[in-house]
Amino acid sequence: DVRACLRRPALQLAFAALVIGQVVMVAVMSVTSVHLKDHGYSADGIGTVISGHVLGMYTPSPLTGWLVDRLGRLPVVVGGSIIAVVACVMAAAAHPDNHMMMIVALFVLGLGWNGTFVAGSTLTTDAVTAGERQRIQAVADMATFLASGLASLLAGFALEWSNYATMGVIGACIATLCGVLALAYRPRLRTTQSAF
């Protein structure tokens with residue numbers, strides 16, 4: 001039963017890491033292209049920034065997996081959240097004409113997402129039995145993808161309502177929530193050695 005599974009603290013934290021990490025990444029990334037285009041970037045210039053972001057999202061995965069095994073799931077969730085906060089602040093503070101700073105900020109945003117995604121995915125696997133895994137993974141994917149769509153939509157409205165810097169600050173606040181939740185769940189995960 002999916003509802004019974006979702007009462008497990010480790011799975012609750014896993015879903016929070018996956019969904020919140022995805023929301024932060026998509027919200028900032030999705031409006032970056034619009035922001036840069038508004039400041040005169042060419043398609044090539046925008047492409048280099050987004051390429052840097054994609055590089056940050058996927059290339060660290062072997063190292064992140066090693067850290068998850070070495071340090072534990074919870075520290076990597078917290079670390080990924082902190083990195084995402086730093087990235088959002090960098091993006092908010094970066095002058096759009098500073099191409100290299102935008103590349104670095106979006107690369108770091110990808111790193112933060114990678115940490116929460118790999119650790120959250122591992123927590124999901126840890127928290128369920130083999131017979132439960134397919135159904136729970138489907139629910140996790142659905143929640144993550146729905147969060148992506150909603151984050152992209154709301155980020156567009158936020159950019160229209162305010163500006164890119166505000167979107168970065170909002171992203172930093174949401175990423176902070178992920179780290180705080182992970183620390184708050186720590187006492188409830190003490191019986192699950194893999195969560196540390």
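Histidine 35 counts as buried, at 9% relative accessibility. Select this residue to begin; the model on screen is a predicted one. Histidine 35 belongs to helix H2. Now show the residues around it, leaving out those within four places in sequence: histidine 35 is then in contact with Pro96, Met102 and Tyr164.

**Next stop: valine 24**

Stay in helix H2, which covers residues 9-38, and select valine 24. Is valine 24 buried or exposed? Its relative accessible area is 3%, under the 20% cut-off, so valine 24 is buried. Which residues touch valine 24, once its neighbours within four places in sequence are set aside? They are Ala84, Cys88, Leu109, Gly171, Ile174 and Ala175.

For a sense of scale, draw a distance from the C-alpha of valine 24 to the C-alpha of histidine 39. The two residues are 15 apart in sequence, and the distance in space is 23 Å.

**Next stop: helices H5 and H6**

Two packed helices are described by the angle between their axes and the distance between the axes. Select residues 73-93 for helix H5 and residues 99-127 for helix H6. Their axes come within 8 Å and cross at roughly 160°. Angles over 145 degrees count as roughly antiparallel, so H5 is roughly antiparallel to H6. The crossing of these two helices, H5 and H6, is left-handed. Colour the contact of H5 with H6 by residue class: there are 16 nonpolar residues, seven polar ones and two charged ones.

**Last stop: helices H4 and H6**

In handedness, the crossing of H4 and H6 is right-handed.

To see the contact itself, show the side chains on each helix:

- From H4: Ser61, Thr64, Gly65 and Val68.
- From H6: Asn114, Gly115, Val118, Ala119 and Thr122.

Coloured by class, the contact of H4 with H6 has three nonpolar residues, six polar residues and no charged residues.

The crossing of H5 and H6 is left-handed, while H4 passes H6 in a right-handed crossing.

Conventions: Residues are numbered from 1 along each chain as its sequence is written. This is a predicted model: local features need pLDDT of at least 70, side-chain atom pairs count only at pLDDT 80 or more; totals for chains, interfaces and linings use all residues. Side-chain values use heavy atoms; hydrogens and water are left out. Axes are lines fitted to C-alpha atoms, for helices over the stretch in contact, and angles run from 0 to 180 degrees between N-to-C directions. Helices (H or I, at least four residues) and strands (E, at least two) are DSSP runs, numbered from the N terminus. Angles under 35 degrees count as roughly parallel, over 145 as roughly antiparallel, 65 to 115 as roughly perpendicular and the rest as oblique. A crossing is left-handed if the near helix is turned anticlockwise from the far one by less than a right angle, and right-handed if clockwise. Ala, Val, Leu, Ile, Met, Phe, Trp, Tyr, Cys and Pro count as nonpolar, Asp, Glu, Lys and Arg as charged, and the others, Gly among them, as polar. Buried means under 20% relative accessible area, exposed over 50%, partly exposed in between (1.4 Å probe, protein chains only). Contact means heavy atoms within 4.5 Å.
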